[in-house]
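Dear colleague,

I am passing on the structure we spoke about, and my notes on it follow below. Please read them with the coordinates open beside you.

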Amino acid sequence: MGIKWDEFFITGDPLILGSQIAILLTMIGAVAGITYLKKWKYLWTEWLTTVDHKKIGIMYIISAVLMFFRGGMDGLLMKAQTSRPEMEFLNSQHYNEIFTTHGVIMILFMAMPFLIGLMNVVIPLQIGARDVAFPQLNALSFWLFFSGAMLFNISFVIGGSPDAGWTSYFPLAGKEFSPGIGNNYYAVALQIAGIGTLMTGINFIVTILKMRTKGMTLMKMPMFTWTTFVTSILIVAAFPIFTVALALMTFDRLYGTHFFTVSGGGMDMLWANLFWLWGHPEVYIVALPAFGIFSEVIATFSRKSLFGYKSMVFSILGIALLSMVVWVHHFYTMGSGPAVNSFFSITTMAIAIPTGVKMFNWLFTMRKGRIKITSAMLWALAFVPCFVIGGVTGVMLAMGAADYQYHNTLFLVAHFHYVLIPGVVFAVFAGLYYWWPKMFGFMLNEKLGKWHFWLFVIGFNVTFMPMFFLGLNGAVRRAYTYSAESGFAPLFMLSAIGSIVLAAGFAVFCYNIYWSIRYADRNISSDPWDARTLEWSTASPVQFYNFAKLPEVKSLDPFWHMKKKNEGLTLHDSEIEEIHMPSNSWLPIYMGVIFGIAGFFLVFEWHIAAAVAGIGIFAGLIIRSFDYNEGFHVSKEEIHRIENAWRKTEGEVHDHVS
Amino acid sequence: MEHHQSKSFPISHVIGFVVSLVLTFAAAGIALKTNLSFKVIMWIIGSLAVIQAGMQLFMFMHLREGEHGKTNLINMIYAVFMVIVIVVGSIWVLTSGHASH
């Protein structure tokens with residue numbers, strides 16, 4: 001197989017050597033710590049083999065926070081390199097690798113799992129179900145995502161990272177121009193994670209269509225459930241395109257086919273076309289659930305029903321439909337001719353209409369509401385102006401003719417950071433502050449939360465606002481350096497300073513988690529925000545079967561009305577029945593590990609070893625086919641005991657926000 | 001979960017699987033082993049692909065299970081929309097203007 005062991009580990013760079021040592025020490029420390037505390041069995045039975053949607057959601061969120069750290073470090077390294085003209089901090093190859101991994105990790109391994117994690121925790125609770133439709137498939141989705149993410153992450157110490165941009169355009173990403181194995185990581189790791197995401201999409205479509213509690217019609221679903229539903233449809237529509245494109249890329253790179261190559265009858269722009277056929281819906285796959293989170297947070301803290309519920313639903317559907325027909329705006333400069341570019345300009349600008357409708361709905365929800373300025377609400381408030389800047393610059397970029405000027409400049413980079421950071425990162429922070437008590441039974445510290453908020457939002461604006469002007473002045477993206485004569489230096493320096501403030505905000509967030517785990521008040525009731533939807537009608541943290549008695553829904557904001565009318569809140573002993581729950585399974589984590597191993601061999605083009613690992617994948621599929629485990633029943637006594645424990649202590653609902 | 005014990009051998013799935021393999025190898029054989037012109041090969045393998053997709057709808061995708069007529073209709077409209085966007089859209093984008101040169 002001709003393994004070049006001298007090229008296996010990346011050597012000769014002090015930054016990477018430091019990382020390798022740090023990774024080794026962390027791994028040794030983790031193993032030693034778990035062994036010392038005798039937590040292996042706990043870890044295995046409570047987390048690694050779990051099929052509980054809430055625990056899977058929490059694992060998604062933990063992974064996402066770790067990936068946020070990794071992607072954020074990449075961002076800081078880039079900002080350090082461009083802070084002064086002609087800096088010699090990173091060389092050009094290293095810079096290429098870093099902006100590539102920054103993009104891939106932030107979109108696919110930070111934004112996606114963060115949102116999918118919140119969906120996992122919240123959606124079954126919001127629709128009054130005891131789990132998702134396919135709990136074990138859900139665990140498999142998580143482990144495949146995790147496997148893909150880890151495979152992608154080790155690339156920078158073993159073998160070399162992909163370096164052709166997060167879009168990996170051909171011909172650059174092909175074997176001819178990128179002969180190393182770095183871009184194999186891109187093709188294989190994203191494929192593995194993508195399978196997991198596709199299954200999540202299927203799972204949530206079925207869950208939301210089939211598992212809603214009695215009385216919850218489609219038009220009585222909470223807005224986050226609606227956005228998750230439409231997002232899942234988009235996942236099922238768009239991810240197979242990426243799967244196929246990545247498979248063709250893998251064939252091109254590993255087996256010498258010519259789908260995207262310049263020679264041999266290939267068509268390099270076909271890659272860009274397929275990539276964005278997936279990539280644009282992907283933007284809405286991460287943006288729509290975020291819109292749902294803001295809808296929940298704004299309605300709760302304005303203490304009003306969401307304004308214009310129906311128009312909200314129709315705008316989501318409109319955005320989803322339009323998002324499938326705008327992909328060419330990412331490559332107007334390919335030169336498809338005026339008819340194509342005009343068509344896609346118009347569809348792109350049309351997306352601003354339903355998005356604008358949503359904006360006004362949020363503003364009207366706040367109008368005349370008794371707004372509580374909590375940390376979660378602050379993120380929602382900051383989202384509105386910041387996202388509008390992102391949206392308006394998006395309309396500028398949507399004009400095909402004008403795009404020739406903006407294309408490939410930092411103006412574009414500033415635009416999509418203004419869309420994705422307010423549109424996704426602010427949302428997941430809002431969601432995390434909002435649903436944290438539901439997940440863990442205590443709140444994140446509000447004072448630290450406000451420090452986190454102000455540092456992050458100010459840092460974000462100082463980092464990315466200058467990039468609009470840099471871009472208009474002609475600074476190109478993905479360039480590792482620039483000359484002093486260009487005059488870019490002051491704005492680049494400002495942007496670098498902003499990124500430090502941004503990082504400080506993230507540090508406060510991490511400290512907040514640590515502080516709250518140690519010191520936060522555990523006695524907070526199950527409904528600390530006086531909220532409106534069903535997830536707040538059960539215990540915090542939620543008992544493993546979610547609801548002792550499935551709630552019945554009569555209107556929008558069902559829990560709010562249950563509280564007002566004081567009905568359905570108590571539980572009589574006679575109402576308790578045995579509950580059927582799914583059993584834990586070792587198969588999902590096994591599949592994650594074996595997919596990771598097979599993927600690793602495939603990255604290094606060790607085909608025989610990959611084929612042997614592939615047998616392990618098939619073995620897992622076969623074992624699953626003959627798995628007739630029917631789950632288990634929770635006894636009435638146990639339910640009685642668990643329900644009494646939280647319902648007795650509760651008493652009146654305390655107000656913890658004021 | 002109650003009805004995992006299937007009543008009969010899934011014969012239509014096996015037939016569908018075998019026919020899919022045959023159609024795929026036929027396409028590969030025509031593309032690699034014959035001396036037909038490029039255009040003829042494209043038409044033949046394109047037709048085989050459409051036949052295979054239609055066959056799979058019947059053999060695998062429960063299209064004949066009639067009680068969900070409305071669901072099937074929505075699914076078919078959705079599928080047609082996706083095909084138009086992906087296939088027709090890609091061909092249009094990649095064969096017009098400068099992109100065709």
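Is A:L432 buried or exposed? Please bear in mind throughout that this is a predicted model. A:L432 sits in helix α13 of chain A, and with a relative accessible area of 1% it counts as buried, because the cut-off for that class is under 20%. Leaving out residues up to four places away in sequence, A:L432 touches A:I61, A:F114, A:L118, A:M439, A:L444 and A:F509. One of these, A:L118, is 314 residues away from A:L432 in sequence, yet their C-alpha atoms are 7.8 Å apart in space.

Helix α4 of chain A, residues 92-126, packs against helix α13 of chain A, residues 410-440, at an angle of about 35° and with the two axes 10 Å apart. The crossing in which α4(A) passes α13(A) is left-handed. On the α4(A) side the contact is made by residues including A:H102, A:I107, A:F114, A:L118 and A:Q126, while α13(A) contributes, among them, A:H417, A:L420, A:G431, A:L432, A:W435 and A:K438. Sorted by class, this contact of α4(A) with α13(A) comprises 16 nonpolar residues, four polar ones and one charged one.

Two further positions in chain A may be worth a look. A:V313 belongs to helix α9 of chain A, which covers residues 309-323, and A:V313 is buried, its relative accessible area being 2%. Apart from neighbours within four places in sequence, A:V313 is in contact with A:M219, A:M223 and A:W226. A:V313 also lies 8.2 Å from A:T227, C-alpha to C-alpha, although 86 residues separate the two in sequence.

A:Y169, by contrast in its setting, is placed in the loop between α5 (135-153) and α6 (182-210) of chain A, and with a relative accessible area of 26% A:Y169 is partly exposed. Once neighbours within four places in sequence are set aside, the contacts of A:Y169 are A:A164, A:W271, A:A272, A:W276, A:H330 and A:F331. Of these, A:A272 is 103 residues from A:Y169 in sequence and 6.2 Å from it in space, again C-alpha to C-alpha.

I also checked the length of helix α1 in each chain. In chain A, α1 has 23 residues (14-36), and at 1.5 Å a residue these should span 33 Å, so the 32 Å between its end C-alpha atoms agrees with expectation. Just after α1(A), A:K38 takes a positive phi of about 55°. In chain B, α1 runs over residues 11-33, and its 23 residues should likewise span 33 Å at 1.5 Å a residue, which agrees with the 32 Å between its end C-alpha atoms. The residues buried in α1(B) are B:G16, B:S20, B:L23, B:A27 and B:I30, and what covers them includes α2 (38-60) of chain B.

As to chain B as a whole, its secondary structure comes to three helices and zero strands, in the order α-α-α from the N terminus on. Chain B has 101 residues, of which 17% count as buried, and its accessible surface comes to about 7,800 Å², with 75% of that belonging to carbon and sulfur atoms. Among contacts in chain B between residues at least 6 apart in sequence, 49% join residues at least 24 apart.

Technical notes:
Residues are numbered from 1 along each chain as its sequence is written. Chains are lettered from A and ligands numbered from 1 in the order in which they are written. This is a predicted model: local features need pLDDT of at least 70, side-chain atom pairs count only at pLDDT 80 or more; totals for chains, interfaces and linings use all residues. Side-chain values use heavy atoms; hydrogens and water are left out. Axes are lines fitted to C-alpha atoms, for helices over the stretch in contact, and angles run from 0 to 180 degrees between N-to-C directions. Helices (H or I, at least four residues) and strands (E, at least two) are DSSP runs, numbered from the N terminus. A crossing is left-handed if the near helix is turned anticlockwise from the far one by less than a right angle, and right-handed if clockwise. Contact means heavy atoms within 4.5 Å. Ala, Val, Leu, Ile, Met, Phe, Trp, Tyr, Cys and Pro count as nonpolar, Asp, Glu, Lys and Arg as charged, and the others, Gly among them, as polar. Buried means under 20% relative accessible area, exposed over 50%, partly exposed in between (1.4 Å probe, protein chains only). Accessible areas come from the Shrake-Rupley method with a 1.4 Å probe; for residues, only the protein chains shown count as cover. The expected span of a helix is 1.5 Å times one less than its number of residues.
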